[in-house]
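I opened this notebook to record what I looked up in one model.

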Amino acid sequence: MAKLLAVPGPKAQHYVEKDSRYISPSYTRSYPFVMERGKGSEVWDVDGNRFLDFNAGIAVVATGHSHPEVVKAIQEQAEKFIHMAGTDFYYPQEIDLAGKLNEVRPMEEEVKVFFSNSGTESVETAVKLARYATGRPRFIAFLGGFHGRTMGSLAFTASKAVQREKFFPMMPGVVHVPFPNPYRPLFRGEDQGIAVLDYIENVIFKSVAPPSEVAGILVEPIQGEGGYVVPPESFLPGLREMCDRYGILLIADEVQSGMGRTGKMYAIEHSGVEPDIYTMAKGIASGMPLGATVARKSVMTWKPGAHGNTFGGNPLSCVAAMKTIELVQQKYMANAARMGEYMMGPLREMQGKHPSIGDVRGKGLMVGIELVMDRETKEPASDLRNKVIHESFRRGVLFLGCGTSTIRLSPALSITKDEIDEGLEVLDEVLTVAEKEFGL
Ligand SMILES: Cc1ncc(COP(=O)(O)O)c(C=O)c1O
């Protein structure tokens, strides 16, 4: 039995209260974890309690918290210079990183890179570029998709209504279609991937958005915020074929799924499909803010002044990203594949004994556990999920949710077998307690 921690402790309570006075109430904390420091997958709160982190700052610290080599690279760069504005000046750190991203690209054709500071900016850039490159105004996006919260990206985000409520109108021209979800099929037929493609072709293109006006289809190769949903194998190749047929750009949002998390550098590589544009942020620089929009050379041909920014490609972020990619290539991508596979064993066993586990899915260290009140009706168990997450926190393990009733496991790619065992043991224990409370 895991020890119950006295959380929040007095210092944490102090900061939670102060936070409520000064910080925007739009933030969504699931529990009062107030961080003091972290190392790898271990984190400590301000009262000295130790936790295992199964989220890595929402799939960000790919190499673990404060990896010594990443810290050293940032420190050395900070001594030299902290900022110079890549839009107006040259510096090797940004140029070398773009060269490295070209090296690890998921496609034949060479790429060019635009740097920003976050996921939403990388999506804004992709959307602008797609309009610029095609001269077309419209886009297709997917229900359940999450692409950020600035007005352009928000027009594509369709994960939770609260994220859009009171912000209408956003950028016009985006049509949402269902994302193929094998666990919750919306269409008749065995293959939801084929069904969604058919719906785009025969309903959307024929009634709402003529394909000749569609600039791009923006898709997460594995849906993240929407519930860690892995589409059927038919889906991405079918989208690629459709894009080729109509001259539409295929834009892969790899902000959450990229940088080795799924056991390949980019999640889209599992499908063998080459995107035209892809976006990155989160895991790219182990926690330093950085976004990147990468496109085929033949697509990124906009003229000087068409797009730019002040802070994108910050040199500290660039050296952190260089080191991150090096470590991911050397060992952590392989570890993500191995640990992801390993984790599936105990999770399937837990699914056998816990009636609330409806579905376990994912690739590498992008794993979702969807909880239901009843396996027949698949009624989402949101309250039970929230209870499990909160009780895990009290026992020293940090999980986050995604979708309506899914627990998201997105730890650092450096997580060890022992740490996984420790976290899943707590999850197992907490599920038993919560199921009893909810009458399952
Ligand atoms: C797939 C995807 N795209 C874009 C974003 C937005 O990134 P940011 O929060 O850095 O703006 C997120 C964030 O969760 C994401 O998961």
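My entries follow in that order.

I note that this is a predicted model, in which local features need pLDDT of at least 70, side-chain atom pairs count only at pLDDT 80 or more, and totals for chains, interfaces and linings use all residues. Residues are numbered from 1 along each chain as its sequence is written.

**Ligand shell.** I looked up the ligand and found 14 residues around it, the closest being G119, T120, G148, V255 and Q256; a residue is near if its C-beta atom, placed from the backbone, lies within 6 Å. Helix α5 (residues 119-134) contributes the most, with 3 residues; helices are DSSP runs of H or I of at least four residues, and strands are E runs of at least two, numbered from the N terminus.

**Nonpolar core.** I then examined the largest nonpolar core, which holds 120 residues. Such a core is a set of buried Ala, Val, Leu, Ile, Met, Phe, Trp, Tyr and Cys residues joined through C-beta atoms within 7 Å, and buried means that 20 or more other C-beta atoms lie within 10 Å of the residue's own. A130 and L249 are among the members that touch the most others. Helix α9 (residues 315-353) gives the most to this core, with 15 residues. The core lies between domain 1 (10-66 + 332-437) and domain 2 (83-313), because both give residues to it; the bounds come from an automatic or database domain assignment.

**Helix α10.** In α10 (residues 382-394), I found L384, R385, V388, I389, E391, S392 and F393 buried. G396 follows α10 and has a positive phi, near 90 degrees.

Technical notes
Buried ≥ 20, exposed ≤ 12 C-beta atoms within 10 Å, placed from the backbone. Expected span 1.5 Å × (residues − 1).
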